[in-house]
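Subject: Structure handover

Hi,

Here is the structure I promised to pass on. Please open it next to this email; my notes follow below.

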Amino acid sequence: MFYKELLLAGLLATAVPLTWADQASAQAEQETAAAQAAEGEYLSEEQFLDSLTFRSGKVVVGSNLATLNLPDNMVFLDGADAERVLVEAWGNPPDDKLPLGMILPKGVSPLADESWAVTVEYEESGYVSDEDAADIDYDDMLEDLQDGARADNEWRAENGYEPIAIVGWASAPHYDAAGKKLHWAKEVKFGDSDEHILNYNIRVLGRKGVLVLNFIAGMHQLPQIEENVPAVLAMTDFNDGNRYADFNPDLDEVAAYGLGALIAGKAAAKVGLFAAALVLLKKLWFLPVLLIGWVWRRVTGKKQQPAPAEPQVQPEAKAEPAPSEAPPRVASVMDLNNLPDDKHK
């Protein structure tokens with residue numbers, strides 16, 4: 001019965017064109033949608049999208065921790081909005097700690113088939129030495145990652161999630177010693193899905209910890225993601241006082257692990273896009289009818305025939321203030337490697 005109801009919801013959803021709310025009432029609708037979400041009420045897709053606040057320009061994250069100098073083709077969601085996309089729209093398990101935010105391509109709905117995102121988080125684990133950079137055997141590390149994923153599947157099965165398998169490197173690890181930036185990509189299989197997930201990771205080393213940036217996308221989007229990786233690397237830097245070069249051995253703690261451990265983290269705790277559809281079939285999350293229709297299309301591979309409608313574009317992103325000004329407060333996810341320790345118990 002459940003699958004019939006889900007199919008009916010999907011068919012109803014495909015009959016409704018995907019549109020954005022009128023710009024003139026955007027602020028009022030954002031507040032209404034946010035209030036409805038807080039009260040646990042269903043949202044239409046239009047309401048959900050309009051409740052998100054997209055930002056542009058220079059964005060300071062954390063307590064003056066780092067700055068994202070967004071290019072014109074990217075926008076940013078703060079932590080609360082990012083978590084809503086990850087959990088409510090993409091079906092990921094919620095985290096106790098919000099991410100710093102999420103980077104998305106401008107003009108693309110996070111519910112569209114072509115969507116992708118980069119979650120931004122921070123791990124204050126101490127100064128990570130990069131002395132082992134030249135000594136890491138990435139083939140051996142890949143085998144360890146695959147073994148770790150199989151072990152983590154026991155927790156996922158107990159909690160109603162599909163198993164995860166790490167297929168291999170989608171992009172071999174690379175470390176920029178000058179910029180103190182590490183990046184690599186894994187190809188991940190979620191459950192029995194034929195569509196594999198791209199787990200593209202960036203780590204930026206700082207004085208007291210590491211900025212964690214993870215792309216969420218399908219494997220078929222690898223060429224597009226690789227085109228955007230240089231821009232994401234270039235736009236992300238710690239602010240003065242938090243940079244790697246600011247490390248003071250007399251005052252600052254040193255992490256108990258080196259560069260290799262940043263790559264050899266635990267297997268995926270969160271996934272997105274195609275994987276979210278499989279999660280929904282396993283365990284129905286709180287989703288509005290239109291989102292259920294979107295997820296159903298991702299499961300079946302059936303695409304909605306486009307009806308004459310305005311193109312999907314995000315509301316005009318709000319320009320960021322000059323660095324000297326405090327950024328406006330937003331009223332309103334995702335490390336694919338790190339699973340909270342208590343979830344393994």
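A contact here means heavy atoms within 4.5 Å, and buried means under 20% relative accessible area. Keep in mind that this is a predicted model.

Helix α5

Start with α5, residues 138-158. Its buried residues pack against β7 (164-176), β8 (181-190) and α7 (259-263). Those buried residues are Y138, M141, L142, L145, Q146, A149, D152, N153, W155 and R156. For the spacing in that list, recall that an α-helix has 3.6 residues a turn, so residues three or four places apart point the same way.

Now the two ends. At the start of α5, a side-chain oxygen of D137 comes to within 3.1 Å of the backbone nitrogen of D139. After the helix comes G160, with a positive phi near 85 degrees.

β1 (residues 58-61) and β2 (residues 66-69) run antiparallel, joined by four bridges. V61 has A66 as its bridge partner in β2. Four residues lie between the strands of this hairpin, and G62 takes a positive phi near 70 degrees.

β2 also pairs with β11 (residues 236-238), again in the antiparallel sense, over three bridges. There, T67 stands opposite D237.

Best wishes

Key
Residues numbered from 1 in each chain as written. Predicted model: local features only at pLDDT ≥ 70, side-chain atom pairs only at ≥ 80, totals over all residues. Heavy atoms only, no water. Helix = DSSP H or I, 4+ residues; strand = E, 2+ residues; numbered from the N terminus. Expected span 1.5 Å × (residues − 1). Buried < 20%, exposed > 50% of the residue type's maximum accessible area, 1.4 Å probe, protein only. Polar contact = N/O pair within 3.5 Å; in protein donor to acceptor, adjacent residues only side chain to side chain. Pairing = 2+ DSSP bridges.
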